[in-house]
Amino acid sequence: MLDLDQFPDSWKTAAVIPILKPGKDPTQPENYRRISLLPVLSKIAEKIKHNRLLQHLKNHDIIIHEQHGFVPSHQLIRVVEYIKIGFYNKQYTGPVFLDIQKAFDRDSKVYFKN
(Lines give C-alpha, C1' and ligand atoms only; values in the text may rest on other atoms or scores of the structure.)
Protein backbone atom coordinates (compact mmCIF):
# COMPACT_ATOMS: atom_id res chain seq x y z
CA MET A 1 0.00 0.00 0.00
CA LEU A 2 2.78 2.44 0.87
CA ASP A 3 5.03 1.48 -2.04
CA LEU A 4 2.24 1.72 -4.64
CA ASP A 5 0.67 4.76 -2.96
CA GLN A 6 -2.76 3.17 -3.30
CA PHE A 7 -5.43 2.63 -0.68
CA PRO A 8 -7.71 -0.33 -1.58
CA ASP A 9 -11.38 0.56 -1.98
CA SER A 10 -12.40 -2.30 0.30
CA TRP A 11 -10.50 -0.60 3.13
CA LYS A 12 -12.58 2.57 2.65
CA THR A 13 -15.93 0.86 3.24
CA ALA A 14 -17.35 1.27 6.74
CA ALA A 15 -20.18 -0.49 8.52
CA VAL A 16 -22.39 2.26 9.93
CA ILE A 17 -24.25 1.52 13.16
CA PRO A 18 -26.91 3.95 14.45
CA ILE A 19 -26.87 4.59 18.22
CA LEU A 20 -29.82 6.45 19.77
CA LYS A 21 -28.82 9.60 21.65
CA PRO A 22 -29.89 9.51 25.32
CA GLY A 23 -33.41 10.77 25.99
CA LYS A 24 -34.22 11.29 22.31
CA ASP A 25 -37.21 10.15 20.25
CA PRO A 26 -36.29 6.88 18.47
CA THR A 27 -38.64 7.64 15.56
CA GLN A 28 -36.55 10.62 14.41
CA PRO A 29 -33.46 9.76 12.33
CA GLU A 30 -31.56 12.89 13.47
CA ASN A 31 -31.63 11.53 17.04
CA TYR A 32 -29.15 8.80 16.17
CA ARG A 33 -25.39 9.05 16.37
CA ARG A 34 -23.70 7.26 13.49
CA ILE A 35 -20.77 5.06 14.42
CA SER A 36 -18.58 4.00 11.49
CA LEU A 37 -16.63 0.77 11.86
CA LEU A 38 -13.73 0.62 9.42
CA PRO A 39 -11.69 -2.48 8.57
CA VAL A 40 -8.74 -3.08 10.89
CA LEU A 41 -6.24 -2.87 8.01
CA SER A 42 -7.42 0.63 7.11
CA LYS A 43 -6.99 1.77 10.71
CA ILE A 44 -3.45 0.35 10.79
CA ALA A 45 -2.62 2.02 7.46
CA GLU A 46 -4.04 5.32 8.74
CA LYS A 47 -1.88 5.12 11.87
CA ILE A 48 1.27 4.35 9.82
CA LYS A 49 0.64 7.28 7.46
CA HIS A 50 -0.18 9.60 10.37
CA ASN A 51 3.04 8.69 12.19
CA ARG A 52 5.16 9.17 9.05
CA LEU A 53 3.59 12.52 8.25
CA LEU A 54 3.92 13.72 11.85
CA GLN A 55 7.58 12.68 11.96
CA HIS A 56 8.25 14.54 8.70
CA LEU A 57 6.57 17.68 10.04
CA LYS A 58 8.57 17.49 13.28
CA ASN A 59 11.88 16.80 11.51
CA HIS A 60 11.43 19.87 9.31
CA ASP A 61 10.13 22.07 12.16
CA ILE A 62 6.84 22.75 10.35
CA ILE A 63 4.43 22.35 13.29
CA ILE A 64 3.97 25.43 15.44
CA HIS A 65 4.07 25.11 19.24
CA GLU A 66 0.39 26.06 19.58
CA GLN A 67 -0.78 23.19 17.34
CA HIS A 68 -2.63 20.53 19.34
CA GLY A 69 -5.11 18.88 16.98
CA PHE A 70 -3.94 15.43 15.82
CA VAL A 71 -0.60 15.95 17.55
CA PRO A 72 0.37 14.17 20.76
CA SER A 73 0.76 16.86 23.40
CA HIS A 74 0.44 17.51 27.07
CA GLN A 75 -2.31 20.10 26.83
CA LEU A 76 -3.51 19.52 30.41
CA ILE A 77 -0.02 20.27 31.76
CA ARG A 78 0.01 23.47 29.73
CA VAL A 79 -3.37 24.55 31.14
CA VAL A 80 -2.17 23.89 34.69
CA GLU A 81 0.94 25.99 34.02
CA TYR A 82 -1.18 28.91 32.77
CA ILE A 83 -3.33 28.67 35.91
CA LYS A 84 -0.22 28.62 38.15
CA ILE A 85 1.29 31.64 36.40
CA GLY A 86 -1.97 33.54 36.76
CA PHE A 87 -2.21 32.57 40.42
CA TYR A 88 1.33 33.71 41.19
CA ASN A 89 0.77 36.99 39.32
CA LYS A 90 -2.55 37.55 41.14
CA GLN A 91 -4.47 37.38 37.86
CA TYR A 92 -7.85 35.84 37.14
CA THR A 93 -7.85 32.67 35.09
CA GLY A 94 -11.04 31.23 33.62
CA PRO A 95 -11.90 28.67 30.96
CA VAL A 96 -13.86 29.19 27.77
CA PHE A 97 -15.78 26.19 26.45
CA LEU A 98 -17.28 26.12 22.98
CA ASP A 99 -19.95 23.63 21.97
CA ILE A 100 -19.37 23.13 18.26
CA GLN A 101 -21.21 19.81 17.92
CA LYS A 102 -23.69 21.10 15.33
CA ALA A 103 -20.91 22.69 13.28
CA PHE A 104 -19.90 19.22 12.07
CA ASP A 105 -23.38 17.70 11.82
CA ARG A 106 -23.96 16.66 8.22
CA ASP A 107 -27.70 16.26 8.79
CA SER A 108 -28.27 19.84 9.92
CA LYS A 109 -30.66 21.97 7.90
CA VAL A 110 -28.05 24.61 7.05
CA TYR A 111 -27.64 25.40 3.38
CA PHE A 112 -24.86 27.41 1.79
CA LYS A 113 -25.35 29.67 -1.19
CA ASN A 114 -22.61 30.67 -3.58
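The model is predicted. The protein chain holds two helices and two strands, arranged along the sequence as β-β-α-α. Of its 114 residues, 9% count as buried.

**Overall chain**

- The accessible surface of the protein chain is about 10900 Å², and carbon and sulfur atoms account for 61% of that surface.
- Taking contacts between residues at least 6 apart in sequence, 34% join residues at least 24 apart.

**Helix H1**

- Helix H1 spans residues 40-59 and has 20 residues.
- From its first C-alpha to its last, H1 reaches 29 Å, which is close to the 28 Å expected at 1.5 Å a residue.
- Ser 42, Ala 45 and Leu 54 are the buried residues named in H1.
- Viewed down the axis of H1, the buried residues fall within an arc of 160°, so they line one face of the helix.
- Val 40, Lys 47, Arg 52 and Asn 59 are exposed on the other side of H1.
- After H1 comes Asp 61, which has a positive phi, near 50°.

**Nonpolar surface patch**

- Leu 2, Val 40, Leu 41, Ile 44 and Ile 48 make a nonpolar surface patch of about 420 Å².
- One of these patch residues, Ile 48, lies in helix H1.
- Ile 48 has a relative accessible area of 34%, so it counts as partly exposed; this value is over the 30% that a patch residue needs.
- Val 40 also belongs to the patch, and it is among the exposed residues of H1.

**Loop between the strands**

- Strand E1 covers residues 15-20 and strand E2 covers residues 32-37, with Asn 31 in the loop between them.
- Asn 31 has a relative accessible area of 12%, and it is buried because that value is under the 20% cut-off.
- Apart from neighbours within four places in sequence, Asn 31 is in contact with Ile 19, Leu 20, Lys 21, Lys 24 and Asp 25.
- Ile 19 and Leu 20, two of these contacts of Asn 31, fall in the range of strand E1 (15-20).

Conventions
Residues numbered from 1 in each chain as written. Predicted model: local features only at pLDDT ≥ 70, side-chain atom pairs only at ≥ 80, totals over all residues. Heavy atoms only, no water. Patch = residues over 30% accessible without salt bridge, like charges linked within 9 Å, V, L, I, M, F, W, Y side chains within 5 Å. Areas by Shrake-Rupley, 256 points an atom, 1.4 Å probe, with all protein chains shown as cover. Salt bridge = Lys/Arg side-chain N within 4 Å of Asp/Glu carboxyl O. Helix = DSSP H or I, 4+ residues; strand = E, 2+ residues; numbered from the N terminus. Buried < 20%, exposed > 50% of the residue type's maximum accessible area, 1.4 Å probe, protein only. Expected span 1.5 Å × (residues − 1). Arc of directions from axis to C-beta. Contact = heavy atoms within 4.5 Å.
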